Amino acid sequence: MRAVHLLALGAGIAIATPAMANESVLKSIANPAEQALQTVDYANTRYSKLDQINASNVKNLQVAWTFSTGVLRGHEGSPLVVGNMMYVHTPFPNIVYALDLDQGSKIVWKYEPKQDPSVIPVMCCDTVNRGLAYADGTILLHQADTTLVSLDAKTGKVNWSVKNGDPSKGETNTATVLPVKDKVIVGISGGEFGVQCHVTAYNLKDGKKAWRAYSVGTDDQLLIDPEKTTDMGKPIGKDSSIKTWEGDQWKTGGGCTWGWFSYDPKLDLFYYGSGNPSTWNPKQRPGDNKWSMTVFGRNPDTGVAKWVYQMTPHDEWDFDGINEMILTDQKVDGKERPLLTHFDRNGFGYTLDRATGELLVAEKYDPAVNWATKVDLKTGRPQVVSKYSTEQNGEDVNSKGICPAALGSKDQQPAAYSPKTSLFYVPTNHVCMDYEPFKVSYTPGQPYVGATLSMYPAPNSHGGMGNFIAWDGVNGKIKWSNPEQFSAWGGALATAGDVVFYGTLEGYLKAVDAKTGKELYKFKTPSGIIGNVMTYEHKGKQHIGVLSGVGGWAGIGLAAGLTDPNAGLGAVGGYAALSSYTNLGGQLTVFALPNN
């Protein structure tokens with residue numbers, strides 16, 4: 001008989017479930033002193049039960065220690081802590097450090113992969129990596145060149161490695177991985193290079209491929225059952241994807257999977273989103289372009305999809321749907337329901353029933369959003385405003401004033417959820433764009449974009465390019481909002497101490513009151529923060545850690561030394577002022593309360 005475990009999902013309700021998830025991951029999730037996943041838990045809540053640091057004493061935080069990664073460019077993700085060991089990763093070349101917290105953060109081992117630098121120009125928006133995962137005594141790393149590596153957590157020795165893609169065709173990786181049961185699930189990047197994208201499961205023990213599911217393609221490639229897989233409650237039917245593409249365009253259709261994964265052990269489904277269709281020129285790919293821009297709920301053993309929901313059919317703006325899916329159990333109309341909440345690049349905050357895929361809420365989480373008036377809850381389709389359609393205006397015509405910009409009202413920087421307040425805490429971008437499509441042809445390994453962009457602060461924002469907001473996911477409303485000079489590009493962390501942490505592009509770690517949003521503490525780190533705040537406990541003392549190292553899409557001008565305003569797919573000009581506030585760096589900063 002298999003043991004029964006208690007897994008607390010996002011709403012803080014302990015649910016008795018069979019030991020379907022990975023035992024070692026569950027054990028670490030249950031111990032708030034540790035962090036085994038980038039997402040903190042399988043539900044992707046980024047919530048910690050640690051409360052030693054709280055709303056009344058967080059103002060006393062001090063820097064406890066720092067660690068230089070030795071690498072420049074954008075530092076996304078966060079360190080892991082398992083037992084007395086901390087595991088720190090870097091952008092390309094994806095170095096991994098194992099630090100012994102019992103010995104003054106001594107480097108116990110270092111893994112430095114030998115990767116061909118030719119992968120760097122194939123990476124769309126900086127050489128970032130969203131971090132490691134821990135499972136079964138191993139550290140799992142998905143490198144930029146798509147090599148998935150299992151490292152012995154104690155020694156750093158390579159247990160096995162496997163190639164998940166081909167950089168010469170534009171396939172790269174920037175994402176973390178999801179260990180579930182006896183498998184590790186990974187995605188792929190390359191939507192700007194016409195890659196036909198997928199998620200893949202490998203055996204944790206030996207690295208053998210178990211299954212692969214494409215975002216766009218034939219039914220057998222999609223791993224769907226036309227009669228049982230549903231969309232808005234109805235079977236999707238035969239050839240649901242390829243019927244929405246012209247000819248063989250689906251073969252270069254994008255739908256990449258470079259975001260976050262979450263998992264519900266009770267329903268035995270994992271969730272993620274797919275990215276933009278290729279090319280960015282909508283005129284060249286008529287149809288809904290399914291299943292790009294889609295939320296998937298899949299079985300981790302087989303990869304088969306139970307349900308799908310496409311948020312932005314026939315995307316005209318590069319509103320990738322890869323942002324995290326946060327799982328909570330909350331009351332809707334007086335009835336407890338298993339929910340999934342997703343803050344999409346397109347500016348709408350979605351709440352769905354994660355068991356069925358039923359769409360419950362779709363509301364704007366930035367009032368500047370103008371490309372659509374609303375989402376029809378019956379059809380699931382956004383009501384597009386023709387003025388801001390980049391296709392209706394035609395090729396070589398510049399559509400102006402579109403909000404949000406292509407990098408979205410929120411990009412990969414993850415939100416957090418607190419079961420104490422029932423609120424989501426969302427770092428956002430308050431940015432708009434001009435978008436001019438042009439004709440482009442596909443060549444393997446070459447950019448397949450087909451649009452020129454420029455970005456700038458949203459109107460009436462007094463120059464501010466971001467907000468940090470609290471969101472009611474059941475009612476679809478902003479509860480409070482703190483403006484930021486630049487986009488809030490660092491991931492949020494909510495804690496039982498009623499404090500929410502996040503980082504800013506100019507380099508501040510900030511702590512705010514979970515209930516009111518009042519700023520309680522801030523500290524300027526050496527470089528802009530695009531990493532995610534984490535917390536752990538060592539020898540009875542709670543610590544807060546964050547990677548700083550400016551870069552990512554918003555900071556690509558600084559990271560790659562670009563000056564053309566239209567470079568970096570429009571971000572260089574939009575964030576030109578950032579260079580007056582921060583510079584390149586790669587550092588972990590760890591905070592703690594002073595000793596009494």
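**Notes on the predicted model**

1. Strand 6 (residues 85–89) and strand 7 (residues 96–100) are paired in the antiparallel sense, over five bridges. Within this pairing, Val-88 has Tyr-97 of strand 7 as its bridge partner.

2. The next topic is the disulfides. A disulfide is a covalent bond between the sulfur atoms of two cysteines. How many disulfides does a search of the whole structure find? The search finds three. When the bonded cysteines of the chain are numbered in sequence order, the pairing reads 1-2, 3-4, 5-6.

3. One of the disulfides is formed by Cys-124 and Cys-125, with sulfur atoms 2.0 Å apart. The surroundings of each partner may be stated separately. Cys-124 has a relative accessible area of 36% and is therefore partly exposed, whereas Cys-125, with a relative accessible area of 17%, is buried.

4. Another disulfide joins Cys-197 to Cys-256, with an S to S distance of 1.9 Å. Cys-197 lies in the loop between strand 14 (183–186) and strand 15 (198–203), and Cys-256 in the loop between strand 18 (234–235) and strand 19 (262–264), so the pair ties together parts that are 59 residues apart in sequence. Both Cys-197 and Cys-256 are buried.

5. A disulfide is also formed by Cys-403 and Cys-432, whose sulfur atoms are 2.0 Å apart. The torsion about the S-S bond of Cys-403 and Cys-432 is about 105°, so this disulfide is right-handed. The pair links distant parts of the chain, 29 residues apart: Cys-403 is in the loop between strand 29 (399–402) and strand 30 (416–418), and Cys-432 is in strand 32 (residues 431–437). Both Cys-403 and Cys-432 are buried.

6. The loop between strand 29 and strand 30 also holds Gln-413. Is Gln-413 buried or exposed? Its relative accessibility is 0%, so Gln-413 counts as buried. Leaving aside neighbours within four places in sequence, Gln-413 is in contact with Glu-324, Pro-427, Asn-429, Ala-488, Trp-489, Gly-490 and Gly-491. Gln-413 and Thr-200 are 213 residues apart in sequence, and their C-alpha atoms are 23 Å apart in space.

7. Leu-377 belongs to the loop between strand 27 (372–375) and strand 28 (382–384). With 40% relative accessibility, Leu-377 counts as partly exposed. Not counting residues up to four places away in sequence, Leu-377 touches Met-232, Leu-359, Leu-360, Val-361 and Ala-362. Between Leu-377 and Val-512 there are 34 Å in space, C-alpha to C-alpha, and the two are 135 residues apart in sequence.

8. Aromatic rings deserve a separate point. The count comes to 29 aromatic pairs. In one of them, the rings of Trp-280 and Trp-553 have their centres 6.5 Å apart and their planes at 50°, so the pair is tilted. Trp-280 lies in the loop between strand 20 (269–273) and strand 21 (294–298), and Trp-553 in the loop between strand 41 (541–548) and helix 3 (556–560), so the pair ties together parts that are 273 residues apart in sequence. Both Trp-280 and Trp-553 are buried.

9. The rings of Tyr-442 and Tyr-448 have their centres 5.4 Å apart; their planes stand at 75°, so the pair is edge-to-face. Tyr-442, at 33% relative accessibility, counts as partly exposed, while Tyr-448, at 8%, counts as buried. Elsewhere, ring pairs link Tyr-309, Trp-317, Phe-319, Phe-348, Tyr-350 and Trp-371 into a cluster.

10. Finally, a ring may have a charged side chain over its face, and Tyr-508 is the case to examine here. Lys-522 lies over the face of Tyr-508, at 4.6 Å from the ring centre. Lys-524 also lies over the face of Tyr-508, at 5.5 Å from the ring centre.

Conventions: Residues are numbered from 1 along each chain as its sequence is written. This is a predicted model: local features need pLDDT of at least 70, side-chain atom pairs count only at pLDDT 80 or more; totals for chains, interfaces and linings use all residues. Side-chain values use heavy atoms; hydrogens and water are left out. Rings of Phe, Tyr and Trp (its six-membered ring) pair if their centres lie within 6.5 Å; planes under 30 degrees apart count as stacked, over 60 as edge-to-face and the rest as tilted. Helices (H or I, at least four residues) and strands (E, at least two) are DSSP runs, numbered from the N terminus. Buried means under 20% relative accessible area, exposed over 50%, partly exposed in between (1.4 Å probe, protein chains only). A charge sits over a ring if NZ of Lys or CZ of Arg is within 6 Å of the ring centre and within 35 degrees of the ring normal. A disulfide is a pair of cysteine sulfur atoms within 2.5 Å. Contact means heavy atoms within 4.5 Å. Two strands pair if DSSP finds at least two bridges between them.
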